[in-house]
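Trainee: Please show me the model, and then let us work through how the chains are built and how they meet.

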There are 2 protein chains.
Amino acid sequence: MERTAVRRLPELAVDERVRLDDLLDEALVAHVGIVDLHGPVVLPMACARDGDTLLVHGSTGSRLVRALADGAATCTTVTVLDGAIYARSAFSSSMRYRSAVVYGAYRPAPDQLHALHVLTEHLLPGRWEELRAPTAKELAGTLVLAVALEEWSLKVSDGWPEDEPADLDTPVWAGVLPCRTVWGEPLDAPDLVQPRPAPSPAVLTR
Amino acid sequence: MERTAVRRLPELAVDERVRLDDLLDEALVAHVGIVDLHGPVVLPMACARDGDTLLVHGSTGSRLVRALADGAATCTTVTVLDGAIYARSAFSSSMRYRSAVVYGAYRPAPDQLHALHVLTEHLLPGRWEELRAPTAKELAGTLVLAVALEEWSLKVSDGWPEDEPADLDTPVWAGVLPCRTVWGEPLDAPDLVQPRPAPSPAVLTR
């Protein structure tokens, strides 16, 4: 579709759905944009992919969640930074990243319990089956929203410095410093009364 | 101001400017929202703080950069995820994060060379003085935009599981799995002709 055409650096556009899924299955946070009376509003929300939809989640007391449930036009952007590209000029220096943009209106996920399960398992793998089921009051206080993965674009910068030939002899190092999210050792809750094995940080490494 | 009041979980709102600066000085990517003919658009941009402004940077050929330069109403959100909070119920589980929201119109940074210097040093510390100065053509092809840090809010979730008393005996671990961005070993560019010492990943660790 017209508005999902990647105009800037179109050579970075990726149209394979599996690459979109890979990114969404790695990321934990989406930035959701809506328009209110004053203009754009962009807020971070926990996210997870469920098949052909992207789920986000919030309190029914949240203005953003209510606007989403009412079918507001939205743009949801999910970005993962993968590194810094050191070129031989400031102009050619850039970043490695993957960024997905999804347009469309959210609607409440039709099966809230299933959607909460998917979100919880994405954010805290293995946790859902350890915990009690949500109460009716809890289910009433939270809402999982879903947007279809129909109108989307994906941009992937995974290359190397692209310098002008005249710059190649510059006496500096050139290359990439990669980065990633690392999970550290578990920190016990201050009110942990029954010592139990903590999850391994490996469960959250994607 | 009214729209920067944190309505959801207001106990997480932080109004100390130094905490805002700390977050902006750590983050490398901002999500910038504008409104186009179809609705909201949210795109990731490299960012850096310069005193009382937040800088973002892009090509003069970019629609977003042109819209920003034209004074479009914007919302810029900068989020860093700090961990996963494992509570004794799915409902009480959440994330540790810091998220800043800045409203306002961008304008071209008055001193483009200074602004490029600040951005480059933030993204690639120590690099600016190793590299040649930008050419006139390069300066014409890029634009650094600045938004004043005037209308902003900051939300910081840095706590522990907050469970209902009835859940405290649940036989599961509870606590926090912290996360952070880690920089890995430098990868030489394929066209690196003059081996040189690469920057230490430590220069990018914040």
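The questions below go from one chain to the contact between two.

Mentor: This is a predicted model, in which local features need pLDDT of at least 70, side-chain atom pairs count only at pLDDT 80 or more, and totals for chains, interfaces and linings use all residues. Residues are numbered from 1 along each chain as its sequence is written, while chains are lettered from A and ligands numbered from 1 in the order in which they are written.

Trainee: How many helices and strands does chain A have?

Mentor: Helices (H or I, at least four residues) and strands (E, at least two) are DSSP runs, numbered from the N terminus. Along the sequence, chain A reads α-β-β-β-α-β-β-β-α-α-β-β-β-β. Chain A therefore has four helices and ten strands.

Trainee: Which element gives the most to the side of chain A that touches chain B?

Mentor: Two residues are in contact if their C-beta atoms, placed from the backbone, lie within 7 Å. The contact takes 82 residues from chain A and 82 residues from chain B. Elements that each supply at least two residues of the chain A side include helix H3 (112-123) and strand S9 (175-183). With nine residues, the one giving the most is S9(A).
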